[in-house]
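Hi everyone, thanks for coming along.

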Amino acid sequence: MNILSVSQLNTYIKALIDGSAPLKKLYISGEISNFTYYYRTGHMYLTLKDEKSQLKAVMFASYAERLKFQPQNGMKVICLGRVSVYEKSGEYQLYIEDMQPEGLGALYLAYNQLKEKLEREGLFDSSLKKPIPKYPKKIGVATSNTGAAVEDIKNITARRYPLAEVVIVPTIVQGEYAPADIVRSLRILDSMGDIDVIILGRGGGSAEDLWAFNDEAVARAVAQCKTPIVSAVGHETDTTICDFVADLRAPTPSAAAELICPDIREMLADIAVIKDRLNAQINYIVDDQLQRVYDLASAPVLENYEAVIDGYGDTILVLTQRLVDSTLRSYESRAHSFGVLAEKLNALSPLAVLARGYSVAQKSGEIIKTVSQIKENDDITLVLQDGRAECTIREVITNG
């Protein structure tokens, strides 16, 4: 009797299945259920099912990161992979290497998924759109420096608005490295500080050729730019995620240059019209002022100015005499008031008191007001109207 362990049996079955050529490369169609995505590892686990059966499947990170769409429960897909046994559980499962939506292209599905995601976040809101300057001084361009798009932009700018300077940052616009390079170019132009508007775009191509402009990192870089951005990708019928996020969408790179650059010929024509209007207005004002001068020159007051001057001369004489009379009256009134005040001041003066026969007694320079300030043999001074006398106290007598 040949007794096998569970592990040996599972290993044997795995070897049989792995050795089967038809099971090494299979295309399996089914509906996704029990979908689980582990963000840390990047692995995807799911079940494929139809009306009668189901099949467990796994897609490891190295393959999952290549998907251009996000698998979801209920989605019908076609998977390419191999069948093998997971020995630990003894279950066979499909190891998926590629996956495509059934009946719907992966690119189209990824496009719609990202569009719905960014729209929910509000990145397409019109309130976020920055105005495009009417007269840009410096135009930034993020595109390939070898394609027709950049030449069209340069030629149209030079023809329509040669006053503007075009700053071109050569950019990879197709392929695996395009999204990162587009983000880099946008950041360079946005950080310069003197760029008025940026054109982001490329010429036409297939959906795969234009796919870099549907990249989420590119879309977010466009939304984060402080400088207004015009998206000009592909032909008129092509629409990318960048078109929704940008501040303005142009059908083609040529149309972007047309939209951004005012036509200098139209500007010159407008200036000529404004110039004619200003000249007409100036001439009208000059003619009006000249007419006023002529009217004033022919006024009666200028024709008979001597009589007018004589009339004003008499008036001036009358006013002058009134001023003199008023000044004299004011002076006399003030002089009388001054005399009265002087007499009052003189009456209060100590000298006036002395002139009436009084004297002032002082001791050591202080006026003697009471007998308590002096005693016998004190020397005092009597101040009189015309001099002073030095005296000695013989006796002090107190009243009462």
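Let me start with terms: helices (H or I, at least four residues) and strands (E, at least two) are DSSP runs, numbered from the N terminus, and two strands pair if DSSP finds at least two bridges between them. This is a predicted model, where local features need pLDDT of at least 70 and side-chain atom pairs count only at pLDDT 80 or more, while totals for chains, interfaces and linings use all residues. Residues are numbered from 1 along each chain as its sequence is written, and side-chain values use heavy atoms, with hydrogens and water left out.

Strands first. Strand β1 (residues 26-37) runs antiparallel to strand β4 (residues 76-86), joined by six bridges. Here G30 sits opposite V77 of β4. Over 10 bridges, β4 also pairs with strand β5 (residues 91-101), again in the antiparallel sense, and Y86 is found opposite E91 in β5. Four residues lie between the strands of this β4 and β5 hairpin, and G90 takes a positive phi near 70° there.

Now, pockets. Rolling a probe the size of a water molecule over the atoms shows where empty space is left. On a 1 Å grid over the protein atoms alone, a pocket is an open set of points where a 1.4 Å probe fits, with protein on both sides within 12 Å along at least five of seven lines; lining residues have an atom within 4 Å of a point. Grid points are joined across faces, edges and corners, and a volume is the space filled by probe spheres set on the points.

The largest pocket holds about 1,000 Å³. Its lining has 31 residues, with L67, K68, F69, A110 and W211 closest to the centre. Which helix gives the most to that lining? That is α3, with seven residues.

The second largest pocket has about 160 Å³, and among its lining residues are L107, Y108, W211 and D238.

Finally, two helices. The axes of α5 (residues 178-191) and α6 (residues 216-224) come within 9 Å and cross at roughly 10°; axes are lines fitted to C-alpha atoms, over the stretch in contact, and angles run from 0 to 180 degrees between N-to-C directions. So α5 is roughly parallel to α6, a label for angles under 35 degrees. Contact (heavy atoms within 4.5 Å) involves residues including I182 and L186 of α5 and V218 and A221 of α6.

Definitions and conventions. Parallel < 35°, antiparallel > 145°, perpendicular 65-115°, else oblique.
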